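These are my notebook entries on one protein model, kept in the order in which I looked things up. I begin with the terms and then turn to the model itself.

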Amino acid sequence: MGYVSRVPEGDTVYRTARQQHDALAGRVLTASDFRVPAFATVDLTGETVREVVSRGKHLLHRIGELTVHSHLKMEGAWRLFHRGERWTRPTHQVRAVLTAGDTQSVGFELGVLEVLPTAEEERVVGHLGPDLLGEDWDAAEAARRLEADPSVPVFAALLDQRNLAGVGNVYANELCFVRGMLPTRPVGDVDDVPALVGLARRMLMANRGRWTRTTTGDLRAGRRSWVYGRSGQPCLRCGTTLEGGELGRVEGQERVVSWCPNCQR
Ligand SMILES: [Zn+2]
């Protein structure tokens, strides 16, 4: 498969989990290799991959009684290769290799990689709010959590995975535009939080089955987002020059915002 450059958000992680599951579920590992010091001695050879699932932006490879928990952050990816095939990213980026016969799954530049008993998964994903792409999605609970602190800027509240899981910088920016809100507007001043939550769900659902993400419905380059990555360019709706800036950092990642000063208030 080709390499697609795209900031990993909930939809990317969901799709990655599906792809990993389809390739590995039910298969016995013939080798494993964890290239992070804390787990370098873990050997899953002989264990069966039970399933691979996503929880928000977290990936869970459930293998035997253990779970390989990973997070892609900005640059991470899991890719599949035939054994012996040349890997598409440099060896120094490799964090994990799971081999099942002639199939190899390689985790590159994973922001988080750890192995823990499956029974203890709650320790690493239990804090997450309702998963926008989960079968147990709970819109009312997500809205309740978003509204819990009315003073928080809506952009930051959307990114907080404890409120709802799966939104990253791209969707947070796009949601603010489509709902006509400045990213800095306090959650307490958002007119209709359930509508915002419903829109978030629809945006991620629409993109979970494709690698090329669009929030505008337009798949052409330069027209796939309303405001994300477009500061300094004209608003696709009104032509006003989009503004851009930063709203601090979350988990070491810049929160890059862009907005239309005419369409968003
Ligand atoms: Zn505009």
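Before placing any residue I note that helices (H or I, at least four residues) and strands (E, at least two) are DSSP runs, numbered from the N terminus. I am working from a predicted model, in which local features need pLDDT of at least 70 and side-chain atom pairs count only at pLDDT 80 or more, while totals for chains, interfaces and linings use all residues. Residues are numbered from 1 along each chain as its sequence is written.

**Entry 1: the whole chain**

I looked up the secondary structure and found six helices and ten strands in the protein. Along the principal axes, the C-alpha atoms fill a box of roughly 60 × 35 × 30 Å.

For burial I use the count of other C-beta atoms, placed from the backbone, within 10 Å of a residue's own: 20 or more is buried, 12 or fewer is exposed, and anything in between is partly exposed. By this count, buried residues are 39% of the 265 residues. For contacts, I take two residues whose C-beta atoms, placed from the backbone, lie within 7 Å. Of the contacts with a separation of 6 or more, 64% are between residues 24 or more positions apart.

**Entry 2: two domains**

I next looked up the domain bounds, which come from an automatic or database domain assignment, and noted domain 1 (10-125) and domain 2 (139-259). Their C-alpha centres lie 29 Å apart, and eight residues of domain 1 are in contact with eleven residues of domain 2. On the side of domain 1 that touches domain 2, helix H1 (residues 10-24) gives the largest share, four residues. That side of domain 1 divides into two nonpolar, two polar and four charged residues, where Ala, Val, Leu, Ile, Met, Phe, Trp, Tyr, Cys and Pro count as nonpolar, Asp, Glu, Lys and Arg as charged, and the others, Gly among them, as polar.

**Entry 3: strands around E7**

Strands count as paired if DSSP finds at least two bridges between them. I find that strand E7 (103-108) pairs with E5 in the antiparallel sense over six bridges, and that strand E6 (residues 94-100) also pairs with E7 in the antiparallel sense over six bridges. Phe 81 stands opposite Gln 104 in E7, and Ala 100 stands opposite Thr 103 in E7. The hairpin of E6 and E7 has two residues between the strands, and there Gly 101 takes a positive phi near 60°. Five of the six residues of E7 are buried, which leaves the strand mostly covered.

Leu 80 sits in strand E5 and is partly exposed, with 16 C-beta neighbours inside 10 Å. Leaving out residues up to four places away in sequence, I list Gln 19, Ala 23, Thr 103 and Ser 105 as the residues that Leu 80 touches. Leu 80 and Leu 98 are 18 residues apart along the chain, and their C-alpha atoms are separated by 9.6 Å.

**Entry 4: positive phi in two loops**

Which residues other than glycine did I note with a positive phi? Lys 73 has a phi of about 45°, and Glu 109 has a phi near 45°. Lys 73 lies in the loop between strand E4 (66-71) and strand E5 (77-82), whereas Glu 109 is in the loop between strand E7 (103-108) and strand E8 (112-117). Lys 73 is partly exposed, with 17 other C-beta atoms within 10 Å, and Glu 109 is partly exposed with 17 as well.

In helix H3 (residues 139-146) I find Ala 142, Ala 143 and Leu 146 buried. Seen down the axis of H3, its buried residues fall within an arc of 100°, so they line one face of the helix; the arc is that of the directions from the helix axis to the C-beta atoms. The buried residues of H3 pack against helix H4 (154-159) and helix H6 (193-207).

Helix H5 (residues 169-178) has nine of its ten residues buried, so it is largely enclosed by the rest of the structure. Among the buried residues of H5 I note Asn 169, Asn 173 and Glu 174, along with Tyr 171 and Phe 177. Gly 180 follows H5 and has a positive phi, near 70°.
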